[in-house]
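The sequence and the structure are shown below.

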Amino acid sequence: MTDRDIPVSSIEDPLRVLGKHFRSGDQSVFLKAVTFGPFPAGAFPDEGKDQLERIRKELGANAIRVYEIPTLDFLHECARVGLRVFITLPWSQHVDFLRGGGELAEAEDLLLETIEKFRGHPALAGYFVANEIETTLVRWMGRRKVREQIEHLIEVGRANDPDALFSYANYPSTEYLIPGNQDFVSFNIYLENRDDYAAYLNRLQNLAGNKPLLISEFGVDAQTHGELTQAEMLEWQVQEACLSGATGTTIFSWTDLWQRGGQTIEDYDFGFMRRDGTPRPSLDVVRECWEPLSRTSDVVELAEGPKISVIVCTYKGSATLVECLDSLSVLNYPDYEVLVVNDGSDERVSEIVATYDSIREILIEHVGLSAARNIGAGEAKGDVFVYTDDDCIAEADWLTWIAKQFLEDPDLGCAGGPNIPPAPESEMQARIIAAPGGPSHVLVSDTRAEHLPGCNLAVRREVFEEIGGFNPIFWAAGDDVDFCWRVLEAGYELGFHAAAFVWHHRRFTPKAYLKQQIGYGKAEAMLLPLHSKRFRGLGGAVWNGHVYTPQAPGGGFVYHGHFGYEPFQLIYPDSGSGLGGVVLHVLWWVFVLIAIGAGFLHWSGWLLAALMIYASVRIARSRAKRAPLEREYDSFAARWTLTGLVLAQGLLRSGVRLLRGWKHMKWSRGLEVLSSAAWKTVASGWWKLGDEKAFWSENGMGRDELLAGISEAYPGAQVDSSGRTDLILKRGLLWNWALVTATEYHADNKRLTRTRLLARPRFLTRMIVLPVLVAVLFAAPFTPILFHDAGKILLGVLLAYAAMVAATRIFMKLRRPAVLRIAEGLGMDPVE
């Protein structure tokens, strides 16, 4: 845009992301959006610009979502009336767009053209680079590859318009498809039961991690439910979105007039406006619901919230204390006090606290973190003690969300929320923020925790007194873990709410970060004799829940359901232990040194050491690649520095834990964990050989009809219960043969169905091949005489494996005519 193109605008500041909120200027923004279009030809003159004023004034919306590229005049009008615009990029997402790359090139060109057209426009809020990529197509192409391509589009967009926001409009069937570099997390949700909707929003908040959650579509069909029920459901949808801490909601749609794929849709009535242009009752209901909302917490009603004592314990923490106390002085909560426990009576800390009239200081000799927290509780007047650290910055509504949890559940012992690192100020700080091992919550469900870090931990007074407070043996770390475990053992639960977050500075230098990790290792060694059942052999703590990190999803298992159609395809994340944890453990490096020593007897020892080092670096590199580095500090060098931090963190933390706690470790359990991890790796292997074919249909035949025909032709075929594939055609002694399919939907009811025949080794095959390879490798450096025989064994195994591969290929070729015959019988023509 040139200067002369800049329109008259009632939008003063661009939309930005800060933590889990949208902001404009210094104010939080709750997005009240409605979808607009795509309209049938002739539905509205001039792109429907005459409707924008009504959307702003009659509905009270502050944003719209469009599905076609608008004109510049349209955005000018949006700016004039005060509507922010999210543009959904329309490109061919209904096909295998990884094959050939033409669709991706089209999408990239369209994105660049659109950015060139609207860059810097005051009405532009951001872009959805894609929308609801169909679940079976994602399974077909591979979720990691699809996610990488979405991330690529986001990077292209951001490089050309750094000020715009970018996201992918996801939906529950591909909830695992979360780009790591998007600015906010967005989901289209059509759940019509209030309790289910509220529960799923809590899940999405945890998937969103440190980023805002936007409901990018929600709608209710008035034909099905009636107009009054539609209004009622939209009202509770807005309320539940706010109560979950979501930063906005997008209602589908402004009018019943819309089309899809060139076809006018008349079977559904989602609009606020009927086809004749008259409003439904939902218009007034949603406007009244939206009107008082400027932030999510505006819907929280605290009739008689508990008196809260915020306790900050500091030991020479003056460097970050001012920011902390500034934030605690202006919290949006009616009845609270702030206490600063000056552990060691630091003069600079006293000077800072003295500048705040409303904050009490407690001077004590240096007694350590746990004892200081207990002293703070002894001086507190509140019914609830809320602990935070001197390097934290509280969000204004923090205590509101804490109090809400206690009021909703009188039996809750503790409550808390996330702790989010502020934006880094240097490249090294960005790398440390992305490094593992920082303070994090552990969740057993979306609203219940197993551990809450002490930087964001609230506890009822009576529960604190019942369990005896914090254990004073912990001077710097580990006290919150011990405290939470004892609260759980006393029969109480730990509550969690994603909106109850604080900003928490991470360490500023690698030295400070590694010192922190050494401290955590010491704390784990102290926890070992107190909670021996919660540790696994030589490793860290065993959690029943999942340790939540902002790391981009990578591993884990996705349950796709029957034929890949499961409506809510949950991802079951890796535990973060297993062989990945083994190769980063200090004892792994001890064996590396032994192998290096053995290399002086036979060169294969050095080979083994090199392979072991490679395994460690590969795991560390994988974790570093998935870590959420700030984009302005992301580089090749940064990722390798982060790889080094991952290696050092695993080595130092496990080494200190072993050195300090070896007397209390159960070494036999360590061997059990190692063997279990190896067994799991072997048993879950997913080697596959694929043979693909495509079939074209002019009469609407797709994968469902083809799979039904194949099931009938092969009575022994079984549905793959995991949903990874569709049918298991044959179970052999050494191999299984399975079929996976996907259908592309084209114009005029034409469809292209792709099939992939897979050969997968059975557990017996993996148990034959892998253990022999490992045994040969490990035996070679220590028994030179055996090496030659072991080499022959290795060669024999490889030849046998090659023969099995060849046999599998032949089987595939023999099976193809049968699949072809079935497809042709359905009127589906093979495509070469």
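Which residue in β8 is the bridge partner of Tyr127? The bridge partner is Phe166. The model is predicted, with local features needing pLDDT of at least 70 and side-chain atom pairs pLDDT 80 or more, while totals for chains, interfaces and linings use all residues. Residues are numbered from 1 along each chain, and side-chain values use heavy atoms, without hydrogens and water.

**Strands** (DSSP runs of E, at least two residues, numbered from the N terminus)
- Strand β7 (residues 124-131) pairs with β8 in the parallel sense over four bridges; pairing requires at least two DSSP bridges.
- Strand β9 (residues 185-188) runs parallel to β8 and is joined to β8 by two bridges, and Ala169 has Ser186 as its bridge partner in β9.
- Six of the six residues of β8 (residues 165-170) are buried, that is, under 20% relative accessible area with a 1.4 Å probe, protein chains only.
- In a regular strand, side chains alternate between the two faces of the sheet.
- On one side of β8, Leu165, Ser167 and Ala169 are buried, and on the other Phe166, Tyr168 and Asn170 are buried.

**Helix α20** (a DSSP run of H or I, at least four residues)
- Helix α20 (residues 604-626) has 23 residues and spans 33 Å from first to last C-alpha, close to the 33 Å expected at 1.5 Å a residue; the expected span is 1.5 Å times one less than the number of residues.
- Buried residues of α20 include Leu608, Met612, Ser616 and Ala620.

Conventions. Buried < 20%, exposed > 50% of the residue type's maximum accessible area, 1.4 Å probe, protein only.
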